[in-house]
Amino acid sequence: MKILIIEDETRIALTLKKTLELEDHQVKIAFDSDKGLGLAKDKSLDLIIMDLMLPGKYDGISLTKHLRNIKVNTPILMLTALDDVKNKVKGLSSGADDYLPKPFSLSELQARIKALSKRPKQIVGPILKIDDLTLDTSSNIVKRNGQVIKLSSKEYRLLSYLMFNKNQIISKDKIISHLWNDESFVVKNTIEVYIGYLRKKIDKAFPLKPELIHTVRGFGYKIGLKK
Ligand code: CA
């Protein structure tokens, strides 16, 4: 594959390049968005790996939008800082095909690249998956055990927030600021109520399946296979 890396952190860019070259990919690096834009116009590229925060005229989101506007449809894998879930979602709606939160392991990156390389070159959101629970970020369809689960929009946003951060403990405060940012008065009990709704639909409805939503007492919530 021909891969372009747009990343200003030299260490990350060079490590990526080295790793990908060991797998026989051809790799170019741009250390800022201006050079990145120039190189990204090469239609023979198979993949662009782009950091969200970039020096130069564009950041990752505006560069992605610009590329899509000028009909560059190369799959884009966006690298994002760990906490920036809102930006991840923004990154995806700007036309990126997938995102990978930093810090990431190289094996995780390789798995994403494999998945993207199998995809036709078009704009699709990722499908988040934990065990047999899937959340399709393009169609907003949630399924467990092949069964479609109906969620309210708040439940959907809460679930996707947890799934974007799977296996990480998410505090109630974080959930409040992410989901209720424009409503000033939210008591923490509200979160418990919504977690309760999700549990009912995701876990309790599937008693033979492992529980996925966990309460980490005193800290918050976590979604994943093991407690
Ligand atoms: Ca950066």
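1. Met53 is exposed, at a relative accessible area of 55%. In this note, exposed stands for over 50% relative accessible area, buried for under 20%, and partly exposed for values in between, computed with a 1.4 Å probe on protein chains only. The model is predicted, so local features need pLDDT of at least 70 and side-chain atom pairs count only at pLDDT 80 or more, while totals for chains, interfaces and linings use all residues. Residues are numbered from 1 along each chain as its sequence is written, and side-chain values use heavy atoms, with hydrogens and water left out.

2. Distant parts of the chain are linked here: Asp8 lies in the loop between S1 and H1, and Met53 in the loop between strand S3 (47-51) and helix H3 (60-69), 45 residues apart. Helices (H or I, at least four residues) and strands (E, at least two) are DSSP runs numbered from the N terminus.

3. Asp8 is partly exposed at 30% relative accessible area, Asp51 is buried at 4%, and Met53 is exposed at 55%.

4. Asp51 is placed in strand S3. With residues up to four places away in sequence left aside, its contacts are Ile6, Glu7, Asp8, Glu9, Gly60, Met78, Leu79 and Lys102, where contact means heavy atoms within 4.5 Å. The side chains of Asp51 and Lys102 also make a polar contact of 3.1 Å. Such a contact is a pair of N or O atoms within 3.5 Å; within protein, one must be able to donate a hydrogen and the other to accept it, and residues adjacent in sequence count only if both atoms are side-chain atoms.

5. Lys102 has a further partner, Glu9, in a salt bridge of 3.0 Å, N to O. This pair connects distant parts of the chain, with Glu9 in the loop between strand S1 (2-6) and helix H1 (10-22) and Lys102 in strand S5 (residues 98-102), 93 residues apart. Lys102 is buried, with 13% relative accessibility, whereas Glu9 is partly exposed, with 37%.

6. The structure contains 14 salt bridges, each a side-chain nitrogen of Lys or Arg within 4 Å of a carboxyl oxygen of Asp or Glu. One of them joins Glu21 to Lys17, with the closest N and O atoms 2.8 Å apart. Both residues belong to helix H1 and are four residues apart, about one turn of the helix. Glu21 is partly exposed at 34%, and Lys17 is partly exposed at 24%.

7. Arg144 and Asp131 form another salt bridge, with 3.7 Å between the closest N and O atoms. Arg144 is in strand S8 (residues 141-144) and Asp131 in the loop between strand S6 (127-130) and strand S7 (133-136), 13 residues apart. Arg144 is buried at 0%, while Asp131 is partly exposed at 32%. Salt bridges also link Asp131, Asp132, Arg144, Asp203 and Lys209 in a network.
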